[in-house]
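Student: I would like to go through the labels attached to this model and see what each one rests on.
Tutor: Then we take them one at a time, value against cut-off.

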Amino acid sequence: MRSLVVLSLLLLNIHHVISAPKGVTASLKAKWSMTPFLLETSEFIGEDGNEKFWQFVDTVKELTVYKQGESVRSYYNLIIKKAGQFLTILQVNLLRFALALRSYSPAVHASQQIASDEPPPEACPAFVSIHGQRGCSTKDIKKLLKAAAGRPKPYLYKNDHTYPGANKTDVPVVILYAEIGTKKFNSFHTVLSEKAKEGTLAYVLRHYVADPKPQKMLLSGYGVELAIKSKEYKAVDDTRVKDPKTAVNAEDDDNDEVQGFFFGTLKKSHPELQGQLVELRKHLLESTNDMAPLKVWEMQDLSFQAAARIMSVPKFDALKLMRDLSQNFPSKARSLTRVAVKQEMRKEIEENQKHLSETIGVHPGDGELFINGLHIDLDLHNPFSILDILRGEARVLEGLHNLGIKGEHQGKLLRLPVNSVDDSYALDIRHPAVMWLNDIENDFMYHNWPAGVQELLRATFPGVIRQIRRNFFNLVLFLDPLQEESVELVKLAELFYKHKIPLRIGFVFVVNTKDEIDGFSDAGVGFYRLLNYIADEYDLSQALMSMVSLYNTVDVGETLSVDTVSSYLKRKFPKANSERILGVDSEYDDKRKDGALFYRQSGLGAMPLALFNGVPLSPDEMDPEELETVILQRIMDTTTAFQRAVFMGQLTEGSDVVDYLMEQANVVPRMNPLILSTDRKYLDFTSTPGFAVVNDWEDTTMFSFLDSRDKTAVMAKRMKYFTSSDEDGMTAVTMWITGDFEKVSGRKLLLNALKHVQKASSGVRVGVIDNPSEKPSEDNTILYRAIWASLLTQKNKAAAEFVHKLLKEESRQLLQQGTKMKDLLMQGMDVDAFEKKFNTLEVDFIRSQQLFCRDALKLRPGQRAVISNGRILGPFEEQEEFTVEDFHLLEKITLSGSAEKVKTKVKQMGMKPKHASDLVMKVDALLTAAPKGEVRREVHFIKDSHSVLHLSPRENEVFYDVVAIVDPLTREAQKISPLLIVLSQVVNVRLQVFMNCRAKLSELPLKSFYRFVLESDVAFLANDTVSPGPVARFMELPESPLLTLNMITPESWMVQAVRSPHDLDNIHLQEVSGVVAAEFELEHLLLEGHCFDLSTGQPPRGLQFTLGMSRDPLMYDTIVMANLGYFQLKANPGAWILRLRKGRSEEIYQILTHDGTDSPAEAGDVVVVLNSFHSKIIKVRVQKKAEKISEDLLSESNESKGIWDSIASVWSTFEKSLGLR
């Protein structure tokens, strides 16, 4: 063997001339200067909340002084250490990844660009801008503030960092442009933060680096492809080509053999020949005909052979091998043809593929990635969006981990379907107070219509309303007969009825409920009694039709009067006794109060009101001119939902349609905007303070030093409850009632909560927190201390009954008159235990509760609130009531979110009821507070021993569950393999990679070399300076083929080659000496949008927009596409103003509304802030100005003629000259 090596080396020395290594490199720079890591770190922390951002800023006030004495690496590590005070270990790893990606650089540069638009005063390392005037020193602040009120306030952006001071709106706004960590920043910050705390100004910070480094930073998060031109690389018939010797080439792996030589082994055996062995390996690689075409039959199993090769190596090397095979496939193809595929592996892959196709619709060869069950579409997602997903998931994963939920239970809870917050709740309309004008299913007038629900699936012309004898569409009108608007609404209802629209119409009349009122003094009462009289004499339908004819006698703009009702009665029913019908002792007053009671219980807003299938219409939709269109549109929209229900078998011929509608998840017994609001705040229960802290809330000073999360954890640990448990002792809903129980409003709130506990069917428990209006003392906490003593010493039923009695006003009066608390005690109570506890209770723990209300619930002393499974409702207004019905609705909404499902999972853990109920509350708060994404999927493999690569997570740490389904020889594998390698370096993962191979390939699966540029952390050079940045490197490439370089970047990036001595479309390494270096630059981030004309609903053809800044309004322009209304503008990080282009566009059109922008929807100037690498898509709605309504944007009266007009004109002149006319 030794002699063979020596001979080879001799041959090499004789024939091989050492040449420079050949290859291709590609790098991508940002257009803007390098941004400091400290500022990017502050933006990362700022995403966790404004409070954290300012705490971090205070910690690093003068950190840049260390820059001079420390190496770049040491300074970077110092920043990470400082950030670690506010972040968990997992979040620190994500921060390192974000800094490597430079993910927050656009946010920092956006502030820099906003500063340059001010513009900055000369020779100012930091400056303040106060209502348009700037100052370089803290001494200037006082002078600039004097006249600030007379100048307009500056525009503030959504991502601005505002100091958490007194938050007054009527104070001047001071914007500081400075670099965090510098002495100049600190001197400004000290002054401004003090004044902000005093409430004399609002302090806003924007990043500004006075002397940015001239060097630009290299970016990552993109792919680079070297495609082989097709003429070079084709499968040929196997009779044409002799089978050349095979060779294997591994770019980073010396253990791989090259032409039979195992260089890793040779280097160990002959360390003295290290240099020559490298040269020999290189020579063999270059002399091997790697790119020789394969025979057709050799290709068929390449995908399975690649999988077999990957599964045969140690699992920690498998991902690197997959990356190597997929990214260098053209030169690896021949080595794969020699790999044998085991039958067990082939069979297992086929079984798993069949299962995946049936369960999640994944087919052989597809590439899919799932993180914690969330589908990551690699066509849409890039490393920047994946980082956002990892951050969002980290909050939930760490929360579950802190709550002690690990292993398989974590996955089960994560995958629970949490109902998203519905913004179209419906009221149950099956109420006796609703008087129905018609019944589609039973009235004779509809007897010719077909009755089958299958009729919904019959094809009709678009826009046709199907006439089916079922109550699919129900309109309920809540009317006060005396309101002017009622007249038009009743007439509209008659219109629907007479035209036989398939709409069941019901009325709820809300009239005066006082017993002494009669029909001669109140037209509403008279109207209602007349209605009852006609219904008794004839039927309800006839009565309601009479009501319509009565309203027809009232002119639009007038209201119903007593005279109108009396005269109608005399005219239509001359023999009727008016006194007996309308008088005080009327026999027709039955159920008059029902409508008013239903209206009050429903919690609906001001009348008139309409419910379509229970969903309230908005005040704008209630305009009689709009209502007809709105109802018809709702019928069309709802038809689609019914068609789906029939098709899916949810609605059958035997179903009662109204019952089906009223049993949907969005139907509630009462409308309370506070409970049903989509804007919800939650407590964070995931903190785990030490044992001593949790058990010491009696020490108010110690308690005051805890942050709000720790305060919440202490409250949850020490809370005692009134319960109505299920049989298993567990409760799914936990409510905390907060208020001052010395006040009537506080006592009433708790009393209603306890009444609900008695009536509640499922497990509910109520805890009580005191929030006294004054500083807690023995005198103003008597009631609460009695409540707390009863909870500590009495059984649940006895405590509830005693507190029920205690909260009544008569008990309160007795106590004020001098009655002792012991005299109010009831039978069945442990009197001695109660008295002992009541008399020895200190008020310190109540002071701690008041601090909790202030810091965690944001309540002022004395304010009331209700917390349901961590969701905060409040503070309530002083007169605002929260009734028993509201508690019932709150329980229903809490259960329908995720509480019921969480309880089922927690029950399986076999915990004690008290701990289990606490866990349900905490997990429910965590899951429902998390942003709602797409449904999490469970990816399961039938067998996983031969076809699934497993990497286990580190134990007792938070981990991500990552599943990749990939064919190792596809573009997806080229992307996924490097992504998974980086992911496993950044976070703790439980990884499964399934080899989703295709069989019987007829052509080569990959025809290009590929690199995915991504790093897990910032890289440093040997001298501790930051490395220039990530670069795509293609080394050891075959020299014969012609290559084309393509940059594969996120969609919104506009990239341009800025320097390369070679033609990047035709790279031929045989003609090149050394390395082909291609340098690209991120020229622009694209701003995309859609524009429509509100009047026509069509894109405004030819409309032009401009994009610029306040000092340079026309930097870029674009035109709106005629077909989709699409437009695209070049931009870069910063704040931009979008305007209509001066000229025809601005003369004819005006911008009405816009979405996805950073200015209010009605604002004239459309401000768009680009502060990330993500795509930004906006929607703009325009309308022609009233005086220009008939003008066309693309034609002008004085416009020069078009080309055809010119040709026609020239031809007619030519004809005349020839005398042809």
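Student: How do you know that the length of helix α20 (residues 523–537) agrees with its number of residues?
Tutor: The model is a predicted one. The expected span is 1.5 Å times one less than the number of residues. For the 15 residues of α20 that gives 21 Å, and the end C-alpha atoms are 21 Å apart, so the two agree.

Student: What caps the N-terminal end of α20?
Tutor: Asp522 does: one of its side-chain oxygens lies 2.8 Å from the backbone nitrogen of Gly524.

Student: Why is the link between Cys124 and Cys136 called a disulfide?
Tutor: The cut-off is a pair of cysteine sulfur atoms within 2.5 Å. The S to S distance for Cys124 and Cys136 is 1.3 Å, so the pair qualifies. The structure holds one disulfide.

Student: Which parts of the chain does the pair link?
Tutor: Distant ones: Cys124 is in the loop between α7 (105–116) and β2 (127–130), while Cys136 is in the loop between β3 (133–135) and α8 (138–146), 12 residues apart.

Student: What makes the disulfide of Cys124 and Cys136 right-handed or left-handed?
Tutor: The torsion about the S-S bond decides: it is about 130°, so this disulfide is right-handed.

Student: Why is Cys997 called buried?
Tutor: Its relative accessibility is 1%, and the limit is under 20%, so Cys997 counts as buried. Cys1091, at 0%, is buried as well.

Student: Why is Thr639 called buried?
Tutor: Its relative accessible area is 11%, which is under 20%, so the term applies. Thr639 lies in helix α25 (residues 624–647). Not counting residues up to four places away in sequence, Thr639 touches Leu456, Arg466 and Phe473.

Student: Why are α13 and α16 called roughly perpendicular?
Tutor: Helix α13 (residues 302–312) and helix α16 (residues 343–359) pack at about 110°, with axes 11 Å apart. Angles of 65 to 115 degrees count as roughly perpendicular, and the pair is therefore given that label.

Student: Which residues meet there?
Tutor: Phe304, Ala307, Ala308 and Met311 in α13 meet Met345, Arg346 and Ile349 in α16.

Methods. Residues numbered from 1 in each chain as written. Predicted model: local features only at pLDDT ≥ 70, side-chain atom pairs only at ≥ 80, totals over all residues. Heavy atoms only, no water. Helix = DSSP H or I, 4+ residues; strand = E, 2+ residues; numbered from the N terminus. Buried < 20%, exposed > 50% of the residue type's maximum accessible area, 1.4 Å probe, protein only. Contact = heavy atoms within 4.5 Å. Polar contact = N/O pair within 3.5 Å; in protein donor to acceptor, adjacent residues only side chain to side chain. Axes fitted to C-alpha atoms, helices over the stretch in contact; angles between N-to-C directions. Parallel < 35°, antiparallel > 145°, perpendicular 65-115°, else oblique.
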